[in-house]
Amino acid sequence: MYKIKLYNNIAPIGIQQFTADYEVGDDIENEDAILVRSANLHNIEYSDHLKCIARAGAGTNNIDIDACTQRGIVVFNTPGANSNAVKELVFAGMLLASRDIYGGISWAKTQQNNENLAKDMEKQKKKYAGTELNQKTLGVIGCGAIGVQVANLALRFGMKVRGYDPFMSIDAAWNLSRYVHHDSDIDDLFRNSDFITIHIPLNEKTKNTINKETIAQMKDGVKILNFARGGLVNNDDILEALNTGKVAKYVTDFPTPELVNHPNVIAIPHLGASTAESEENCAIKAAQETMHYLQYGNIRNSVNFPDCYMDFNAPFRICVIHHNVPKMISQITNSLSHDNANIENLMNKSRNEIAYTILDLDKEASPETIQKIEAIPGVVKARTYRRQPL
Ligand SMILES: NC(=O)c1ccc[n+]([C@@H]2O[C@H](COP(=O)([O-])OP(=O)(O)OC[C@H]3O[C@@H](n4cnc5c(N)ncnc54)[C@H](O)[C@@H]3O)[C@@H](O)[C@H]2O)c1
Ligand SMILES: O=C(O)CC[C@@H](O)C(=O)O
């Protein structure tokens, strides 16, 4: 029986993926795996049995990735599973930043006793007039799952689009329209955009990407959208720029108390991925990644381990997490001689300092063999698997 601990509300359809071999709940102890959305897992005590954490979503800054890697805990996310939901809200944000829809609706709500409403609203409406997206320039920082979709849709709104992403994946590049202007220097994007939208992960390098200096390069009256993470934008600097009018609007999915009452901040309470479709996509993907890892040792969509997966055709399997250093494979295979097991298939992949080896065997490795493997300097963990239907 595998034990799955839930943090946050995970869509029921995701939990339904788990078979009778799984015990799933938010009060589980000695968990083999965690399913989480945005709950902060930094500084929590993990069970000694914990093998993986699946983030039902994209951002993993709520998890201490380095600590997990050192302990041999595989962290998954669900790339692209919520990107459509975020894309749609970005466009809602752009429209709200261009036209005072919110002000107009709020005024209309106060008119329930006005018998002259039809006439009065024609007078009132000039207060809520705005501008169009058509022909404006949108700068997209980060052309991954979300950025690409935002860029492509903006073209269909008649916008001119510029994109900046020095680490863009080949998949993302295939999906990005060729009509998106490629900025290799982020300053060109800052200087030439009427709207700037940011879609990159938050980490030590990207923190405060939007700050006093970068804002200074932007057009007067620029509108900035942040549906990625609050820490990417320096709050003090953006508030100052909103006060001077340098920045006309700041649309953020990550409001903080000092931002929420500013008249030119459009604060949304982290709703980017909050659609039934996206919550279901993320939950299903996170559950499947977890099951494939726990039952087969296969790794797909990890943020700290290499992708490493093989069809499980042999009767037995060993998976070894080890440091990415010489002579590991030979030491692991030597240890198997004890059981006289034949290796039917082998895969080894590495990512930075860590590596992962899958060995498919005709015989089950004995506990002594696993102990021997785990005693090899540089080995973090070894686990055995028996072939079973998923
Ligand atoms: N508001 C929400 O509910 C919500 C939902 C999903 C994702 N997010 C946030 O949005 C971020 C992006 O999500 P995604 O699904 O597009 O992720 P993704 O991994 O598909 O794309 C991120 C892109 O950012 C690029 N990148 C990384 N560092 C960069 C830098 N310094 N400059 C420019 N580009 C850089 C990467 O190359 C990648 O292409 C996530 O990390 C998450 O924090 C928020
Ligand atoms: O789970 C959510 O609601 C938000 C997820 C989002 O911030 C993400 O990074 O995928």
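Ala, Val, Leu, Ile, Met, Phe, Trp, Tyr, Cys and Pro count as nonpolar here, Asp, Glu, Lys and Arg as charged, and the others, Gly among them, as polar. On that scheme, the shell around ligand 1 divides into 18 nonpolar, 12 polar and three charged residues.

Some ground rules. This is a predicted model, where local features need pLDDT of at least 70, side-chain atom pairs count only at pLDDT 80 or more, and totals for chains, interfaces and linings use all residues. Residues are numbered from 1 along each chain as its sequence is written, and chains are lettered from A and ligands numbered from 1 in the order in which they are written.

Staying with ligand 1: there are 33 residues around it, and G59, G142, G144, F167 and G272 come nearest; near means a C-beta atom, placed from the backbone, within 6 Å. Helix α6 (145-156) is one of the suppliers, as is α3 (83-98), each with at least two residues. The most comes from α6, with three residues. Helices are DSSP runs of H or I, at least four residues, numbered from the N terminus. Domain 1 (1-81 + 273-305) and domain 2 (83-267) both contribute to this shell, so ligand 1 lies between them. The domain bounds come from an automatic or database domain assignment.

Now the packing. The largest nonpolar core has 51 residues, and L35 and I53 touch the most other members. Such a core is a set of buried Ala, Val, Leu, Ile, Met, Phe, Trp, Tyr and Cys residues joined through C-beta atoms within 7 Å, buried meaning 20 or more other C-beta atoms within 10 Å of the residue's own, with C-beta atoms placed from the backbone.

Key
Buried ≥ 20, exposed ≤ 12 C-beta atoms within 10 Å, placed from the backbone.
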